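Please look over the sequence and the structure below before reading on. The briefing that follows takes up a sheet, the division into domains and the surroundings of a ligand.

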Amino acid sequence: MRKRVIVIGGGASGLAAAVTAAEHGAAVTILERLPRVGKKILLTGNGRCNLGHSGYEVQHYHGSIANAETILRRLDTELWFRLMGLYCRTDAEGRRYPMSGTAASVLDALRMRAAALGVEECCDCKVTGLAAYPGLWQVQCEQAQFTADAVILAAGGSAAPHCGTDGNFLPMLQALGHRIVKPQPSLCPILTDPIRVRAMKGLRVHAAASAYVGSRILKTERGEVQFTDTALSGICIFNLSRLAAEHGKAMTISLNLLPDWTPEQVLAVLRELRDVRADAPLADLLTGLFPKRIGECVLKAAFGTAQGKSSECLHTDTALQALAQTLTDWQFPVQGRAIFAQAQVTAGGISGESVTPLLESKVCPRLYFCGELLDLDGDCGGYNLDWAWSSGVWAGFHAAQDGIRRSGYVPNTGKAYKKQR
Ligand SMILES: Cc1cc2nc3c(=O)[nH]c(=O)nc-3n(C[C@H](O)[C@H](O)[C@H](O)COP(=O)(O)OP(=O)(O)OC[C@H]3O[C@@H](n4cnc5c(N)ncnc54)[C@H](O)[C@@H]3O)c2cc1C
């Protein structure tokens, strides 16, 4: 008889798990609380879906899943999608996108593959309870009840709750005896003093952003920084937001707006500008390096004002050095915690201590986990979807193979998807 596998959550990892379990002979049903599967996939990468990254680098992942590297390395995302008829292209930074340039085609490819394999989709079906009987799971939904040989829990984290992900499973899993690492918003803007950023709202600048606690530097990221009326944003800020959640108000962000120049080069450029713009208002001094409003804010941070003439304000080397200092170490205190509604992913979740290397629960046999529900999150750049597909394939394979594994047979796991070196 075919093994019955229920996948709870029709997001990225749930669809990957469902397709894989069906490919390995299981009769699969997806239970999704929203009216459609894959809502979040459609929003990823600003609608273009940065579905993976060309290289696996351990420093881009954080969390407690001990064999995450093995799981990630096992799946060649590009090949896996190609076998579904979806072709990818990779940009200069290694970020992988569907060739079509639209996230909808990623979801379509997954749904077409699932349909071809006979995977059943039950939408508007919120799961409210799980009960284990010998060799059988009973899954309770608001309006119906299902039974299965194995359950794959792919209900996501707590980020972007409008996509159906609000951490609703964590209390239940904790009650069953799983250890939960406290969920925190990650890949989100970092709140700071609104007085420092409000005047630059909507503007962007290329910078190196460093996270500090006291004089200790935690991490530096380079890229585009965006200003909002209350926060710093942009990819490099997103990649520091996990630290902001951890350290809160003890942390400061320092921006170096001229990261490609040495301190001597910065001073030389400022001297040059002082001469070229000698008769211009001070407020215009930095126009040509940055958008004017950003230049004005830098000058106010350095001198308390952007009034007067450039030559009058900058006639001493001390003044030039003060401006150079602000340009290369402009400090923004972290203020308050970001909320899940602003975050792209969740740091924390089911601890690696509670799962086996097969991503099966150590507490409840035949209950598997994948995706963001687990305590593993990645940086910006396709790393989170890479984890969603890889962990989904891994959990789907093992859930479908479960009976064989229990009888002592060791399967040759997912050879078709092995990364090419
Ligand atoms: C705006 C945005 C942009 C992003 N862009 C990128 C990107 O470009 N690249 C990248 O790598 N990552 C990106 N991410 C992160 C990435 O989308 C997630 O890490 C990934 O989707 C997680 O997959 P998942 O399957 O674990 O969870 P999800 O995709 O969140 O799916 C979980 C599903 O479970 C369902 N569910 C929850 N509870 C229940 C229940 N009780 N019963 C039934 N169903 C339930 C939810 O409705 C949801 O459909 C982005 C995230 C956001 C919010």
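How many bridges join strand 14 to strand 15? In this predicted model, strand 14 (residues 204-213) and strand 15 (residues 216-227) run antiparallel and are joined by 10 bridges.

**The sheet and the helix across it**

**The domains**

- The protein chain is divided into domain 1, which consists of 4-185 + 343-417, and domain 2, which spans 190-333.
- The C-alpha centres of domain 1 and domain 2 are 41 Å apart, and 6 residues of domain 1 are in contact with 5 residues of domain 2.
- On the side of domain 1 that touches domain 2, the residues divide into 3 nonpolar, 2 polar and 1 charged.

**The ligand shell**

- There are 39 residues around the ligand, of which Gly9, Gly11, Gly156, Gly164 and Gly371 come nearest.
- Helix 1 (12-23), helix 2 (39-43) and helix 13 (383-406) are the elements that give two or more residues to this shell, and helix 13 gives the most, with 4 residues.
- By residue class, the shell around the ligand divides into 17 nonpolar, 16 polar and 6 charged residues.

Notes: Residues numbered from 1 in each chain as written. Predicted model: local features only at pLDDT ≥ 70, side-chain atom pairs only at ≥ 80, totals over all residues. Pairing = 2+ DSSP bridges. Domains from an automatic or database assignment. Contact = placed C-beta atoms within 7 Å. Nonpolar A, V, L, I, M, F, W, Y, C, P; charged D, E, K, R; others polar. Near = placed C-beta within 6 Å.
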